[in-house]
Amino acid sequence: MEKLIQLYTAWSGKAPAHVKKLAGAGSNREYYRFTSADGQTVIGVVGTSLDENRAFIGLDRHFVEKRLPVPQVLAVSDDEMRYLQTDLGNTSLFDAIKGGREAGGRYNVAEKELLLRTIRELPNIQIRGAHNMDWSQCYPQPEFDENSVLFDLNYFKYCFLKPTELDFHEMKLEATFRRMAKDLTSEPGECFLYRDFQARNVMLDAQGNPYFIDFQGGRKGPFYYDLASFLWQASAKYPFKLRRDLLAAYYESLRQYVEVPTVRHFAERLSLFVLFRTLQVLGAYGFRGYFEHKQHFIDSIPPAIENLRDLLALRDDMLPYPYLRDLLQRLTELPQFAPKEVPVTQRSDGFRTTDRDIYDAHPQDGPATFSKYDGKGPLKVTVYSFSFHKGIPEDPSGNGGGYVFDCRSTHNPGRYEPYKKLTGLDEPVIRFLEDDGEILEFLEHIYALADKHVARYIQRGFTHLMFCFGCTGGQHRSVYSAQHLAEHIHQKFGIEVEIIHREQNIHQTLNVIKRPA
C-alpha cells in the first residue's frame, strides 16, 4: 500500500488527500481510490502476478491508442506490480441491471437499453482492438486453441461431472471432447477474445455509456465466445425475447466492422460456443462450490443447468455429439437438479385462480388469477361523441372502464361557414376531414389501441367497454371519430356496438354479426 501511495505521489506531485480501499472482485488484485485535494480521483491497483499486470498494461495501451472505451493506465511502478488508472466511477453494468436480475429476468426498458448499448459496443473492442495487436503480450497464452478448450472441458469433467457420481464412459467422453475442441477452433478467429466478458466487467459513465475493464485474460480468437459468455451468463436469467433482441443487435453491429457469416451459420457456431461456455462455467461452479464450499457458486448451478436444458432442446445437427447429448440429458435429470416448484399463496378474497391461460405466466408468480367480473360476457361496446363544454359522458354500466379521447388537436371543419350546420356524419364534412388527413392519423393509433383492448376484454369475458370522443361542440370531429371507431370494432369483432352522438341526439345500435363457426 505504501509503495502505491509513493507511485501516486510521484505521478501527481502531491500526496493523496484521501485513500479508500474498494471491494474486491473475483481476482486477488487490490483496488484503491485516491482523491486529491481538489476532488480528482484515480484508481490504484496492486497486482499479484507480474505477467497478468504486464498483459493488462500492454493491452490497455493498445486499446487507448485505438480510442476504445477502456480505463487509461496513467503510471506504472518500476517493478510493474502496481499501477494507476483512470477512475470510471462506481456503477457497473452488473449493479445497474440488478433489479431485472433479482426479478427473475424481468428487465425494464432502461435496463434493456443499457444491455443493448453494451452488446453493440462489443464488436468495437473485438474487431478494432485486434487490429495490429501484439498477441505475444497476452496472458496466459496468445491464442484460443484446442489445448485451452480441452483444459476447460476436463475442468468440467473432474470438478463438476464426477462429483455428481453420474456413470459415464470416460473414453467416449474424451473422444467427444477432442472432436468438440477441433470444431470450436476450426473457424479462423482473428478477433480479440475478451474471455471474461460479463456485466461485472463493464463500467457505466454518467450517461450510461459502457467502458470495459479486466480484459487481461484476453487473447486472439473467435467472436462467438464473448457473446456466449455474456448472453448465457447463468445468473443474468435473460428471457428468450431479450436474448434474441441482444443477439440481433450484436449481429447488426458486427456487420459494421467485418463481413459476417449467414444467420444460419452464425446460429450454429454460436450454439457450440454456448454449450462449451456452459460446461466451462459448471466446472468453475463445481470447483468453487463443491470443493471450496462457497455458497454463491452452489446457488449459481441451477440456472446454469436450465441453460443446459435449453441447449438440449436444439436440433441434433446444431449439437452433433450424440454421446455428450445423452450424458448431459441424464445429468439434467438428476434429482438434485430438478426444477423447484414455486410455492403458491392461497387466496381468500373472493378472487379465484384462472383456468384459462390468456396471459403468459412467470414461474415466480404462481398461477394467474382473475376477478369475479370475468367470464360474464358477451362484450358490448358503447361509443360516445360529446362536447367538452357539457361534460364527459357518464358510464351507465357502472364498470368505469374505457377511454376519453380529445379530438381538438385536429383540424376543425366548424371554423368554416359551409360546415357550421353539418355534422361528422355528413358527406361534405367527411370529405373535409379525410382530405386534410390529420384525423386519419389520429384514428390510426386509436384503432390499434382499441383492437388490443377489445380483444382482451372478449377473452376475459367482460361485459362492457366505453370509448368517448370529445371536441368543442360535439358536432364534427368527435362525431366522425366515434362513428368510424364504432364501425371498425363492429366489422372486426362482430360484437354489439352502441353509438351515442349525445349532442346530436342520435342513438344507433350495431347488432351482433353472426358468422360461420
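This report covers aromatic pairs, charges over rings and confidence in a predicted model.

## Basis

Residues are numbered from 1 along each chain as its sequence is written. Local features need pLDDT of at least 70 and side-chain atom pairs pLDDT 80 or more, while totals for chains, interfaces and linings use all residues; side-chain values use heavy atoms, without hydrogens or water.

## Aromatic pairs

The whole structure holds 38 aromatic pairs. Rings of Phe, Tyr and Trp (its six-membered ring) pair if their centres lie within 6.5 Å; planes under 30 degrees apart are stacked, over 60 edge-to-face, the rest tilted. Phe156 and Phe160 are stacked, because their planes meet at 20°, with centres 6.0 Å apart. These two residues lie 4 apart in helix α6 (residues 146-161), so about one helical turn separates them. Helices here are DSSP runs (H or I, at least four residues), numbered from the N terminus. Phe156 and Phe160 are buried (under 20% relative accessible area, 1.4 Å probe, protein chains only).

Phe230 and Tyr238 form a tilted pair, 6.3 Å centre to centre and 35° between planes. Both are buried. They also belong to one aromatic cluster, whose members include Phe56, Tyr107 and Phe215.

## Charges over rings

Arg200 places its charged end over the ring of Phe94, 3.8 Å from the centre. Arg408 lies over the face of Phe388, 4.0 Å from the ring centre. The criterion is NZ of Lys or CZ of Arg within 6 Å of the ring centre and within 35 degrees of the ring normal.

## Confidence

Average pLDDT (the predictor's confidence in each residue, from 0 to 100) is 91, and 95% of the residues score at least 70. Residues 342-355 fall below 50, with 17 contacts beyond near neighbours in sequence (heavy atoms within 4.5 Å). Where pLDDT is low, the predicted coordinates should not be read in detail.

Definitions and conventions: Buried means under 20% relative accessible area, exposed over 50%, partly exposed in between (1.4 Å probe, protein chains only).
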